[in-house]
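Please open the structure in a viewer and keep the selection tool at hand. The stops below say what to select and what is found there.

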Amino acid sequence: MRTEHSRRAKTGLYGLLCLLAIPFVFPTWWMVTSSMKPPGEIFAFPPTLFPADPGLDAYRRVFEFAPFASQYFNSMYIAAAVTVGTLAVSSLAGYAFARIRFPGQNLLFLVVLAGLLIPSEVTIVPLFQLFNGWGMIDTHWPLILVPIFGAPSVLATLIMRQFFIALPIEVEEAGRMDGLGRFALYWRIALPLSRPALGAVGIFSFLYSWNLYLEPVVFLSTPEKFTLPQALTQFVDAYGGPMWDVQLSAATMSALPVLVVFVIAQRQFVEGLAHTGLKG
Amino acid sequence: MATKTDAPSGRAPARPGRRGWTHRRREYLAGYLFVAPQLAGTALFVIVPLALVFWYSFHEWNVLTGSFQFTGAENYERLADDPALPGVLAATAAFSIGLVVLNLSLALALAVLLNQKLRGTVLFRTLFFSPVAVTLVAWTIVWRFLLQDDGGVNGLLSAIGVDGPNWLRGETTAMIAVIVVQVLKNVGLNMVLFLAALQGVPKELYEASTIDGAGSWTRFRRITVPMISPTILLTSIITVVGSLQVFAQIDVLTSGGPGTSTTVLVYYLYQNAFQFHDFGYGATLSVLLFAIVLVLTVVQWQMRRKWVVHEN
């Protein structure tokens, strides 16, 4: 479909692309700029593209209204734990399913595959009961354990397996001649070669954890233990109305780290996620 | 799901004699140890809970009163008679169909636009993809503000002389709003998948058809769509299953309202289990959700024989 276009057609295409980009870009722009506006200006019409008198007062108030620093830390360390855990579990299993032959392999692979069809939304009631039995309600354990072993990690295992299958076997055979065992082959040869796949799985599992909403809402009740998505919904005044400027400042802070990574490493980000496919 | 379940390629060369036997045993052991964390975790946090969902669905179980009693198929009879359920299923169908159709067609349209010979398409790819990097709830909160009666969307509409509705307060408009907000958030992912597929279509096919005098629409329908049909199938399975899991956006934007117009099955299940503390009925609704996910996936997987032209 790549054909040469006349100048008029080109102008038309650019116009169309710019128009289409508005609903994708404006909300983020508006979120960041409005968080620096005084409350009155947020509602100004027509909306101002740049704050007339930018200030960070709303940012200060975020930390007054909520234990936002600990909530931020919670989200960070939980997402980091989920990412590291998923990388370890899925690269080990993916490697074994791709490279090692052992009895019952196909059956075990099918059992793991079944995990893809069972999202945690389906099993949330028994999960609550299980974690309740283990005394883990209102702790971060369910938010860490369920993603590391549930549907997202099954997807990660599939990605790792596909990658290892495509990896040339000769490199490992050389290592085998040198007397390396299976774990050494995996750790010292296969893993260093699989950085693109590890990057994709890492971004994908970090985002999955960072956006997780149903699990925190179900499992957590103490504000100090909340993660960011749940915390963002709590900025309401005494009448239950949202405090827009404070809420938008908190939302901006929650989006900032991932957006910065996205801007810096957009190629890896876009192409990595294109290989996984998050939920629709 | 795009994977083949063929035998692993890395078969170790069999070695003769006694050393071969111990070597093979060590290979087996390594294999089991490598998959053990994943298998044990999936069993404990996915398979066992799924079995429990079925078991719980045969019980009357109220967490507040602490009652837990086997009642056979009573929950399923209640499911069949639930006056709210037809509305919930209609909302679920409207949401999922709307989301899948809009997501896939917009993703394909954007991918075709970005596949033109134009400078700067990488910039636009980044812009269309950027919402994926924004925290889900942050994105939804911003849209809740923009969709208010005096919010930015209606401001924009009034600038072109249209008097916009109070989006989140009307039943139809609220449904449209949750679908569009969700599509804008994640359509970039499918767009990138389609773009990669489009770039894999051999140029010669287009050249040959141009000589045959085929117009651009005919070329799109006869060449592009069949050539990228495996990608269309994969993205549609992911998008359909994903659409049935959407919870946060509905909780933040509409809380299932106005009335119950945006109460989809996941939300209804959450309400019954965790707001009305009725775990037995919540489990029954979970079984229903699982059945829907399963049937839709199997049906789509079967359909691939019919209309997926080639598989790579």
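**First stop: a helix in chain A**

Select A:Glu173, which lies in helix 9 (residues 170-177) of chain A; helices (H or I, at least four residues) and strands (E, at least two) are DSSP runs, numbered from the N terminus. The model is predicted: local features need pLDDT of at least 70 and side-chain atom pairs count only at pLDDT 80 or more, while totals for chains, interfaces and linings use all residues. Residues are numbered from 1 along each chain as its sequence is written, and chains are lettered from A and ligands numbered from 1 in the order in which they are written.

A residue is buried if 20 or more other C-beta atoms, placed from the backbone, lie within 10 Å of its own, exposed if 12 or fewer, and partly exposed in between.

**Second stop: two crossing helices**

Select helix 3 (residues 57-65) and helix 14 (residues 244-264) of chain A, whose axes come within 8 Å and cross at roughly 90°. Axes are lines fitted to C-alpha atoms, for helices over the stretch in contact, and angles run from 0 to 180 degrees between N-to-C directions. Helix 3 and helix 14 of chain A are therefore roughly perpendicular, a term for angles of 65 to 115 degrees.

Now display the side chains in the contact. In helix 3 of chain A, the residues including A:Tyr59 and A:Phe65 meet residues of helix 14 of chain A, among them A:Asp245 and A:Ala250. Two residues are in contact if their C-beta atoms, placed from the backbone, lie within 7 Å.

**Third stop: where the chains meet**

Colour the two chains separately. The contact takes 88 residues from chain B and 91 residues from chain A. On the side of chain B that touches chain A, helix 1 (residues 17-56) of chain B gives the most, with 20 residues. Then select B:Ala138, which touches A:Met31, A:Leu232, A:Ala251, A:Ser254 and A:Ala255, not counting residues up to four places away in sequence.

**Last stop: chain B as a whole**

The C-alpha atoms of chain B fill a box of roughly 80 × 70 × 35 Å, taken along the principal axes. Of the 312 residues of chain B, 39% count as buried.

Conventions:
Parallel < 35°, antiparallel > 145°, perpendicular 65-115°, else oblique.
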